[in-house]
Amino acid sequence: MKLVSRSQWGARAYRLPNGATLYSGTRRRGVKLHYLGTAYSDRPHDKCDDYVRQIQAQHMDGNGWSDIGYSFVVCTHGYVYEGRGLRRRNSANGNTTLNDQDYAVLLMVGSSGLVKPTEAQLNGARDAIDYCRKEGPAGTWLGGHRDGYATSCPGDPIYAWVKAGAPRPTAAQEDDPMAGMTKQDIYDAVWKTDQVAAPDTAPDRKTNTNWQPQSYIKDIGNRVRAMDARLTAQSAAITKLAQLVGSNVDTAQVVAAVEKAIADAVVKVSVDVTGPDAS
């Protein structure tokens, strides 16, 4: 809940003694929702506290009330401004009995201009309702100003939301492309889809232009193991050459010995890599 205290929005001090009138009893029946009943246009959030102070001034200086009339005020950005709060009786529901019976929560929308509350505002109003119920405490009854008093407040859009139980708005959910997929489906989509360009050295590149990722991984593994085989063959050849250096043999015999050592090692490793038991 994005609660803005009276000191935070710059509220004027309420007038005594009526501004300090407490609710009778320890529990409200519920919460009534209100709208401005005049034209309203949205504004940046840093201007919302100005408007709340404007409402308070109109109620105190224009109506002669002791304070802003509402228990809480909710702006279009979802912030909940503390009005008279949870302990001091509101003056917005129509008469003393109605004011004492339920908390009064104003949504900053009008009878013209901006008439539909925003999703953030509905969430804020829901926060205010829950706050009244938990901390007030208030019962579960929920209604509009028009319930029990002859007025069009809080307007049809808010009243319809109230009668639906004031649900929190839910963002539209996009279809999940992975919904219902098994692990095997995901594996096949990732590793078995022919969407990777075949390597330039592939013998069938002209007819098989795309490879599966798993084929690439296997090819890389084969190349790495073949490279290891060549290094092993070279090491063996160098060892053989070292044994022959200084011996009474001709150059051709040394070359032949080295080539045979390399060929034997490469053939052995190649069979290990590409044979039926290769992983």
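**View A. The largest nonpolar core of this predicted model.** Welcome to the largest nonpolar core, a set of 24 residues in which Val31, Leu33, Val105 and Trp161 touch the most other members. Six elements each supply at least two residues of this core: the strands E2 (28–34), E4 (72–74), E6 (102–107) and E8 (138–144), along with the helices H4 (119–135) and H5 (156–163). With five residues, H4 gives the most to this core.

**View B. Leu33 and the residues it touches.** Apart from the core in View A lies another core, made of 17 residues, including Tyr51, Ile68, Tyr70 and Val73.

**View C. The hairpin of E4 and E5.** Here you can follow E4 into E5 through the four residues between them. Gly78, in the turn, has a positive phi of about 90 degrees. The two strands, E4 and E5, run antiparallel and are joined by three bridges. Find Val73 and you will see Tyr81 of E5 standing opposite. Val73 is also among the residues of the 17-residue core.

**View D. E1 alongside E5.** Strand E1 (residues 2–4) runs parallel to strand E5 (residues 79–82), and three bridges join them.

Technical notes:
Residues are numbered from 1 along each chain as its sequence is written. This is a predicted model: local features need pLDDT of at least 70, side-chain atom pairs count only at pLDDT 80 or more; totals for chains, interfaces and linings use all residues. Side-chain values use heavy atoms; hydrogens and water are left out. A nonpolar core is a set of buried Ala, Val, Leu, Ile, Met, Phe, Trp, Tyr and Cys residues joined through side-chain atoms within 4.5 Å. Buried means under 20% relative accessible area, exposed over 50%, partly exposed in between (1.4 Å probe, protein chains only). Contact means heavy atoms within 4.5 Å. Two strands pair if DSSP finds at least two bridges between them. Lists of a residue's contacts leave out its neighbours within four places in sequence.
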